[in-house]
Structure formats: C-alpha cells, structure tokens
Amino acid sequence: MRAAIITSSDSGYAGEREDRSGPLIRGILEAHGYEVVHSILLPDERKLLAEEMARIADEGIVELVLTTGGTGFSPRDCMPEATTDIAERMVPGIPEAMRAYSMTITPRAMLSRAAACIRKSTLIINLPGSPKAVRESLEYILPALEHGLEILTGRASDCGRK
C-alpha cells in the first residue's frame, strides 16, 4: 500500500521547529511494508490542508493519508475541520479507538479532536502532533488498517472471513 504524510505546523513550516512526527510516521509505515510516496509540511491553514488532502485522494496518489498535528485546542488547530471539509464518508471508529487506547496512557487523550474519513479510494486519518502520541496511536491502529484498506481498494471483498 502507498501512503502520504501531511504535517500541520505553523512553526515547522516557518523553520522554527523540527518536524519529528512526520519522519517517525514514515519509519513506522515503512517498517510495516507501506511505501511512503509523498510527504509535506504545511502551515495550519484549513483551506490549504483540505486542498492537499483532496488532491492526493482525487489523483489516486495513495491509499492512505496520515496527518500529524493540528488536532488540539489551539485557535490555529484545524486539521479535523480540513479533513471533514473534504470527506465523502466519515470513519469515526478509528479516532475513537485511538482516543480509547490513549486514555489508558493519559487522560489528556480525551482532548484530541482527530477525525478520519474516506475520499474516493483513500483513507485519511488524523494522528496527534507529539511523536510519543503518534507512535502509540499509529502502532495501535496499524494491524486493523490493512484489512480496511484492502476492502476500500477492492483487493478484498469478504469481510466475514478475517
């Protein structure tokens, strides 16, 4: 499966802060057999983020888009809104599962506003911004994603057998 990574960070985009979560996501995905074909760091701009996610899905560049950052309470955090702006179908179970698992680690997990959706044949998932939370969340959901992506892309059709 092919994947893309979008990091949302004003300070990272301005060169004031190193993006550690995007490269971490790449490493985890590649270790699990995904081919990361696109990675970009953008400012916390809702329209820009939505346009990039839509372009990736509409052009069929990847089957999976993972975003990092922009899911908190800061006035500039807008990744869930950008995601829902371009959604064709919402996938609430993935962020619910990440929050539920993360709540076993920290009660602050309830503050995540992450979303997930499908556009065309692409699954888009918002991950947290911190490298620690990215690792915990991504490693928790990855085992189930393979089957979901196979169904989404038509590579598997029988949900009852797995």
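Visitor: Is Glu-139 buried, exposed or partly exposed?

Guide: This is a predicted model. Glu-139 has a relative accessible area of 39%, so Glu-139 is partly exposed. Arg-135, at 38% relative accessibility, is likewise partly exposed.

Visitor: With which residue does Arg-135 form a salt bridge?

Guide: Side chains of opposite charge can pair when their charged atoms come close. Here Arg-135 forms a salt bridge with Glu-139, with 3.1 Å between the closest N and O atoms. The two lie 4 residues apart in helix 6, so about one helical turn separates them.

Visitor: Which parts does the pair of Glu-63 and Arg-2 tie together?

Guide: A salt bridge joins the side chains of Glu-63 and Arg-2 at 2.6 Å, N to O. Because Glu-63 belongs to the loop between helix 3 and strand 3 and Arg-2 to strand 1, the pair connects parts 61 residues apart in sequence. Glu-63 is buried, at 7% relative accessible area, whereas Arg-2 is partly exposed, at 28%.

Visitor: Which residues of the largest nonpolar core touch the most other members?

Guide: In soluble globular proteins, nonpolar side chains tend to be buried together. The largest nonpolar core has 26 residues, and those touching the most other members are Leu-29, Leu-64, Leu-123, Ile-125, Leu-127 and Leu-145. Helix 6 supplies the largest share of this core, 7 residues.

Visitor: Where do the buried residues of helix 4 fall around its axis?

Guide: The buried residues of helix 4 are Met-79, Pro-80, Ala-82, Thr-83 and Ile-86. They fall within an arc of 160° seen down the axis, so they line one face of the helix. Their cover includes strand 1, helix 3, strand 3, strand 5 and strand 6.

Notes
Residues numbered from 1 in each chain as written. Predicted model: local features only at pLDDT ≥ 70, side-chain atom pairs only at ≥ 80, totals over all residues. Heavy atoms only, no water. Core = buried A, V, L, I, M, F, W, Y, C linked by side-chain atoms within 4.5 Å. Buried < 20%, exposed > 50% of the residue type's maximum accessible area, 1.4 Å probe, protein only. Arc of directions from axis to C-beta. Contact = heavy atoms within 4.5 Å. Salt bridge = Lys/Arg side-chain N within 4 Å of Asp/Glu carboxyl O.
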